[in-house]
Amino acid sequence: MQQIDTVRDRHYEVVVVGGGAAGLSGALVLARARRRVLVVDAGHPRNAPAEGVHAYLTREGIAPADLVEAGRAEVRGFGGAIVEGAASRLERGDGVFTVTLEDGTAVSADRLLVATGLVDRLPPVPGLAERFGRDVLHCPYCHGWEVRDEPIAVLATSPMAVHQALLWRQWSQTVTVLRHTAPVFGSDDAERLAARGITVIDGEVAALQIEDDRLVGVALADGATVACRALGVAPVFTATAAVLDGLGLASAELRRDGHLIGTYVEADATGATSVPGVWVAGNVASPMAQVIGAAESGVRAGGAINADLVEAETARAVRARRQALTL
Ligand SMILES: Cc1cc2nc3c(=O)[nH]c(=O)nc-3n(C[C@H](O)[C@H](O)[C@H](O)COP(=O)(O)OP(=O)(O)OC[C@H]3O[C@@H](n4cnc5c(N)ncnc54)[C@H](O)[C@@H]3O)c2cc1C
């Protein structure tokens with residue numbers, strides 16, 4: 001892995017913080033636009049626990065680590081630099097940004113692209129985190145096909161579980177809602193679930209039942225058990241945005257019907273934030289984006305950053321030309 005050890009290595013036109021699908025796609029566009037670009041990546045993409053990436057056209061089933069590795073190779077192929085490590089602080093100085101890494105190394109940049117993703121905050125049920133991405137699943141579009149026709153339970157932590165259960169029903173006829181900590185569903189929702197053959201079971205889930213490294217069911221606090229091969233969950237999608245504190249960029253809440261879905265950093269359609277010179281892409285800005293959407297937003301931000309640099313360079317050239325003409 002590349003080291004930052006020369007003075008030349010200390011300034012970049014663009015530093016990309018976070019090298020998942022979004023950051024690497026932005027870096028690829030910028031490197032191909034002949035920009036001096038550095039990617040700083042902590043190396044923990046959100047989908048790391050999953051065995052494969054699905055619904056990414058032409059890359060069906062590729063291991064998440066292989067996708068990142070291939071992306072890094074493409075960025076390097078056009079002269080982009082990549083260092084492994086976490087950025088701990090971003091600061092804005094006089095026309096230049098400083099990126100400080102956890103090991104104390106600092107680099108400067110004219111523009112920043114932050115693509116640090118999000119963290120899935122799971123309900124506090126013992127054993128849930130260990131199975132996340134394997135048979136504890138947040139997204140039917142990512143995992144539904146792989147568990148089709150299996151008995152699927154949905155761990156309800158809010159009224160949104162009704163929507164989730166109705167979705168999972170598209171992949172299996174055996175869907176059970178475990179009401180867990182969700183309020184009692186209204187009569188309309190209860191009717192909708194019943195009409196689709198979805199059973200609702202009251203009582204909190206106390207533990208997961210695992211056999212031969214596979215989920216086989218859940219145990220409720222009263223001792224009852226419910227068989228299932230997959231457990232749908234609704235994490236709170238929490239933007240990895242602490243690194244933006246130094247720039248004064250806070251994350252906003254994403255709510256649906258008053259219920260907290262997650263947090264994200266606000267930006268315009270190109271990913272430009274309210275801080276001039278700072279763009280965001282991928283899950284940090286858009287919690288629902290899948291891999292291909294995250295990649296696309298990185299491409300868009302990369303193009304916008306290059307265009308912004310072109311404008312700044314042109315303005316400087318115009319000033320210099322006018323000065324030369326007045327001499
Ligand atoms: C279990 C699971 C399975 C999934 N399966 C699919 C699927 O099959 N298909 C699909 O399309 N989507 C899937 N997704 C969604 C997918 O993970 C996201 O869409 C995608 O990872 C978003 O890309 P990103 O680049 O925004 O973030 P990430 O891929 O999470 O990349 C962010 C990168 O930034 C790094 N980082 C964070 N903070 C810092 C810092 N301070 N300094 C430096 N680096 C930092 C992280 O370590 C990471 O490498 C799945 C998600 C989960 C949780």
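Domain bounds here come from an automatic or database domain assignment. With that in hand, let's look at this predicted model.

The protein chain splits into two parts. Domain 1 covers 4-120 + 236-326, so to speak in two stretches of the chain, while domain 2 covers 123-232. Taken over C-alpha atoms, the centres of domain 1 and domain 2 sit 35 Å apart.

**Where the domains meet**

Ten residues of domain 1 touch ten residues of domain 2. The size of an interface is often given as the accessible area lost when the parts come together. For domain 1 and domain 2, about 840 Å² is buried between them, and carbon and sulfur atoms give 65% of that area. What about salt bridges across the interface of domain 1 and domain 2? The rule finds zero. Polar contact does turn up, though: two residue pairs between domain 1 and domain 2, both at pLDDT 80 or more.

**Around the ligand**

Now for the ligand. It has 37 residues around it, and the closest are D41, H44, H54, A87 and A289. Backbone atoms of the protein also come up to oxygen atoms of the ligand, as listed here for A22, H44 and V291.

| Protein atom | Ligand atom | Distance |
|---|---|---|
| A22, backbone N or O | oxygen | 3.0 Å |
| H44, polar backbone atom | oxygen | 2.8 Å |
| V291, polar backbone atom | oxygen | 2.8 Å |

How much of the ligand does the protein bury? Taken alone, the ligand exposes 990 Å², and the protein buries 95% of that.

Key: Residues numbered from 1 in each chain as written. Predicted model: local features only at pLDDT ≥ 70, side-chain atom pairs only at ≥ 80, totals over all residues. Heavy atoms only, no water. Contact = heavy atoms within 4.5 Å. Buried area = accessible area lost by both parts, 1.4 Å probe. Salt bridge = Lys/Arg side-chain N within 4 Å of Asp/Glu carboxyl O. Polar contact = N/O pair within 3.5 Å; in protein donor to acceptor, adjacent residues only side chain to side chain. Near = heavy atom within 4 Å. Areas by Shrake-Rupley, 256 points an atom, 1.4 Å probe, with all protein chains shown as cover.
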